[in-house]
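Look at the model before reading on.

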Amino acid sequence: MNLLNFDSRKPMDFIAIGRLCIDLNANEINRPMEESVTFTKYVGGSPANIAIGMSRLGLKTGFIGRVADDQMGRFILNYLKKNQIDTSNVITDQSGSVTGLAFTEIKSPTDCSILLYRDNVADLKLEPGDISEEYIKNAKTLLISGTALAKSPSREAVFLALDYARKHDVVVFFDLDYRPYTWTSPEETAVYYNLAAEKCDVIIGTREEFDMMERFEQNPNHDDSFTAQKWFAYHAKIVVIKHGKNGSIAYTKRGESFEGTVFPAKVIKTFGAGDSYAAGFIYGLMQGWDIPRSMEYGAAAASIVISSHSCSEAMPTAGQIDNYIQKCKNGELTVEFADTTRE
Ligand SMILES: Nc1ncnc2c1ncn2[C@@H]1O[C@H](COP(=O)(O)OP(=O)(O)O)[C@@H](O)[C@H]1O
Ligand SMILES: O=C(O)C[C@@H](O)[C@H](O)C(=O)COP(=O)(O)O
């Protein structure tokens, strides 16, 4: 029996809910932000990046969210449309909110950080009244990301979306996507993350993100298997714990575990790895592939994106990923750049 059942009668393949933002990636790489003077603008926000990845892979993709009524909000909407993402459930917020900005600092390929501007952001204004039961019912898959739980009314909107998804047998993926900045306290964060995770079929996060969720538990050795087992008592069928360049491990409710491959990369920056990994992995599962092959696809997508300057714009097509995997398997370590042009 399949671990996950994607209902082929549903017209929409994949819907993401939450953050639609802007990434401003420093053009002068390998130096601190203090010395960066020019940046390239891309659509960003973890669920936005994943949705763009899914659409590039050929899946019928939609988004539920709010954007600011400004130039940045319109830039995001246009970019989603250009990438064939359905924006019928993206609302332009009229409360005077602004677009969230992520300035990225690339000090070295391994020392990257993000400076977030997230006060009064439009994405957290999403409210329960914005959530259409019909829209969710018509999707095979819903992806939620943890940052949308950081504040009301976005938090309640996500919980309502989760209820609709469970009611209509939509497979729910939870990318933990923990960004401390918007949260009030670590305790609040852990409580809401745990409440949401109970309702999800697949939970994907880094070891550090799961550590945050285990604030009220005893897992002193940060044991991945311990982490995963808890969720199989709820709805989870698959739990994936990511370990950066050391790969990832997936556990299933059936008691299996699989270690994910890592592909070579000419790393420009490390951010975007998780979002591209999620897109490749979810795509694989939705094709009916087994977990190791899906993890391989995610890892190859991640290697392509971290070898590029952007996250969203660098999201690869299936052809690019297949080609990359083939080259790596042939022992050709020449790394392909998905997106090297910066104006
Ligand atoms: N330096 C790297 N080289 C090759 N692959 C990487 C590297 N860093 C991350 N990856 C790939 O991306 C996946 C997710 O990366 P990770 O850093 O754990 O997620 P996140 O970006 O969410 O923190 C890893 O499992 C691995 O496949
Ligand atoms: O999620 C954000 O707001 C910023 C992203 O667009 C960004 O570029 C990033 O950090 C990607 O995150 P990751 O894939 O978890 O590394």
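Q: Which ligand has an oxygen atom 3.2 Å from a backbone N or O atom of G274?
A: This is a polar contact, a pair of N or O atoms within 3.5 Å (within protein, one must be able to donate a hydrogen and the other to accept it, and residues adjacent in sequence count only if both atoms are side-chain atoms). The backbone of G274 supplies the protein atom, and the oxygen belongs to ligand 2.

Q: How much of ligand 2 does the protein bury?
A: Accessible areas use the Shrake-Rupley method with a 1.4 Å probe; for residues, only the protein chains shown count as cover. Alone, ligand 2 exposes 410 Å². The protein buries 89% of that.

The model is predicted: local features need pLDDT of at least 70, side-chain atom pairs need pLDDT 80 or more, and totals for chains, interfaces and linings use all residues. Residues are numbered from 1 along each chain as written, chains are lettered from A and ligands numbered from 1 in written order, and side-chain values use heavy atoms, without hydrogens and water.

Q: Which residue has a polar backbone atom 2.7 Å from an oxygen atom of ligand 1?
A: The side chain of K242 has an N or O atom 2.9 Å from a ligand 1 oxygen. A backbone N or O atom of G274 also lies 2.9 Å from one. The 2.7 Å value belongs to G244.
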